[in-house]
Amino acid sequence: MSTLPPCPKCNSEYTYEDGQMLVCPECAHEWSATESVDAAGDSDKVIKDSVGNTLQDGDTVTVIKDLKVKGSSLVVKVGTKVKNIRLCDGDHDIDCKIDGIGAMKLKSEFVKKV
């Protein structure tokens, strides 16, 4: 009997050890054995602002640094208030709509919770 956890991606029970990593032969997903202890996944990822406050969907934040908008001459100024943010995965972890600019993605390190 195997005591190895099932694959977190496809839930296959045929996982095996390869050195320090666990491998799924069905979907080729590899993860570390310490990750399997935290089987909660990425959905429990905590996103914090520049000061360390935990952010949640629907929060209001303030921009703490002038941010140039790629592909245009627009700039998001310091102190711009952004309402009703949505958290997402990736490098830019805040999805929002800024008045006068439109839909944008921001990094949490450049905002502060109000």
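β8 and β9 make a hairpin, with six residues between the two strands. Gly90 sits in that turn and has a positive phi of about 115°. The model is predicted.

Strands β8 and β9 pair in the antiparallel sense, and two bridges hold the pairing. Strand β9 covers residues 94-98. In this pairing, Leu87 stands opposite Ile94 in β9.

Three residues lie between β9 and β10. Here Gly100 takes a positive phi, near 85°. Five bridges join β9 to β10, and the two strands run antiparallel. Asp95 stands opposite Lys105 in β10.

Together these strands form an open sheet of three, in the order β8-β9-β10, with antiparallel pairing. β8 (86-87) and β10 (102-106) are the edges. Each has a single partner strand, so one side of each is left without a neighbour in the sheet. Strands of a sheet pair through backbone hydrogen bonds, either parallel or antiparallel.

Now look along β9, where the side chains alternate. Ile94, Cys96 and Ile98 point to one face and are buried.

Turn to the charged side chains. Side chains of opposite charge can pair when their charged atoms come close. How many salt bridges does a search of the whole structure find? The search finds three.

Asp95 forms a salt bridge with Arg86, and the closest N and O atoms are 3.7 Å apart. Asp95 has a relative accessible area of 24%, so Asp95 counts as partly exposed. Arg86 is partly exposed as well, at 41% relative accessibility.

Another salt bridge joins Asp91 and Lys107, with the closest N and O atoms 3.3 Å apart. This pair links distant parts of the chain, 16 residues apart. Asp91 lies in the loop between β8 and β9, while Lys107 lies in the loop between β10 and β11. Is Asp91 buried or exposed? At 54% relative accessibility, Asp91 counts as exposed. Lys107 counts as partly exposed, at 23% relative accessibility.

The remaining salt bridge pairs Asp59 with Lys113, and the closest N and O atoms are 3.5 Å apart. What is the relative accessible area of Asp59? The value is 13%, so Asp59 is buried. Lys113 has a relative accessible area of 30% and is partly exposed.

Methods:
Residues numbered from 1 in each chain as written. Predicted model: local features only at pLDDT ≥ 70, side-chain atom pairs only at ≥ 80, totals over all residues. Heavy atoms only, no water. Pairing = 2+ DSSP bridges. Helix = DSSP H or I, 4+ residues; strand = E, 2+ residues; numbered from the N terminus. Buried < 20%, exposed > 50% of the residue type's maximum accessible area, 1.4 Å probe, protein only. Salt bridge = Lys/Arg side-chain N within 4 Å of Asp/Glu carboxyl O.
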